[in-house]
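Subject: Structure for you to look at

Hello,

Here is the structure I said I would pass on. My notes on it follow below.

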Amino acid sequence: MPTDCLFCRIVAGDIPSTKLHEDDLVIAIRDITPQAPTHVLVLPTAHIASAAELTDADGPLLGHLFVVAASVARQEGLDGGWRLVSNVGDDGGQTVDHLHVHLLGGRPMTWPPG
Ligand code: 5GP
Ligand code: ZN
């Protein structure tokens, strides 16, 4: 676990967060600066820098991550729909280098995102 990684420290419990889901593979936490009425981050407990680092062997992990995201969306009452976004690299808008998926909902989402 990289000790300088913010999300690894959140996974370890060293930095507090509002956890909506937690298991061995994946956690879901509320984003500290929400961009929508529901803004949740779903991330693997293991350190993976971004989606650019994934391999075919991560398929089961990603499947589980999507199932958790859908479950959290249901818990949050996002019956009208929701959006998953994963930013990669500087141009992609990634600011924390630990793979995470933004779950956004509670208002209509615009497209393109800008
Ligand atoms: P990125 O910009 O890498 O796609 O997303 C990083 C997200 O992490 C941002 O939406 C930001 O608000 C969120 N974030 C940054 N620091 C913290 C923190 O300490 N706790 C939580 N829960 N979210 C954070
Ligand atoms: Zn990490």
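Valine 42 has valine 101 as its bridge partner in strand E5. Helices (H or I, at least four residues) and strands (E, at least two) are DSSP runs, numbered from the N terminus. Strands E3 and E5 (residues 101-105) pair in the antiparallel sense over 5 bridges; two strands pair if DSSP finds at least two bridges between them. Strand E2 (residues 26-30) also runs antiparallel to E3, and 5 bridges join them. There, alanine 28 has valine 42 as its bridge partner in E3.

Please keep in mind that this is a predicted model, in which local features need pLDDT of at least 70 and side-chain atom pairs count only at pLDDT 80 or more, while totals for chains, interfaces and linings use all residues. Residues are numbered from 1 along each chain as its sequence is written, chains are lettered from A and ligands numbered from 1 in the order in which they are written, and side-chain values use heavy atoms, with hydrogens and water left out.

Strand E3 (residues 38-44) is largely enclosed by the rest of the structure, because 7 of its 7 residues are buried. Buried means under 20% relative accessible area, exposed over 50%, and partly exposed in between (1.4 Å probe, protein chains only). In a regular strand the side chains alternate between the two faces of the sheet. In E3 both faces are covered, with Thr38, Val40, Val42 and Pro44 buried on one side and His39, Leu41 and Leu43 on the other.

The largest nonpolar core has 15 residues, and Val26, Val40, Val42, Val72 and Leu103 have the most contacts inside it. Such a core is a set of buried Ala, Val, Leu, Ile, Met, Phe, Trp, Tyr and Cys residues joined through side-chain atoms within 4.5 Å. E2, E3, helix H2 (59-75) and E5 each give two or more residues to this core, and the largest share, 6 residues, comes from H2. Another core, of 9 residues, lies apart from it and includes Cys5, Ile10, Ile29 and Val96.

The whole structure has 1 salt bridge, meaning a side-chain nitrogen of Lys or Arg within 4 Å of a carboxyl oxygen of Asp or Glu. Glutamate 76 forms a salt bridge with arginine 30, and their closest N and O atoms are 2.9 Å apart. Glutamate 76 is in the loop between H2 and strand E4 (82-85) and arginine 30 is in E2, 46 residues apart. Glutamate 76 counts as partly exposed because its relative accessibility is 25%; arginine 30, at 34%, is also partly exposed.

Regards
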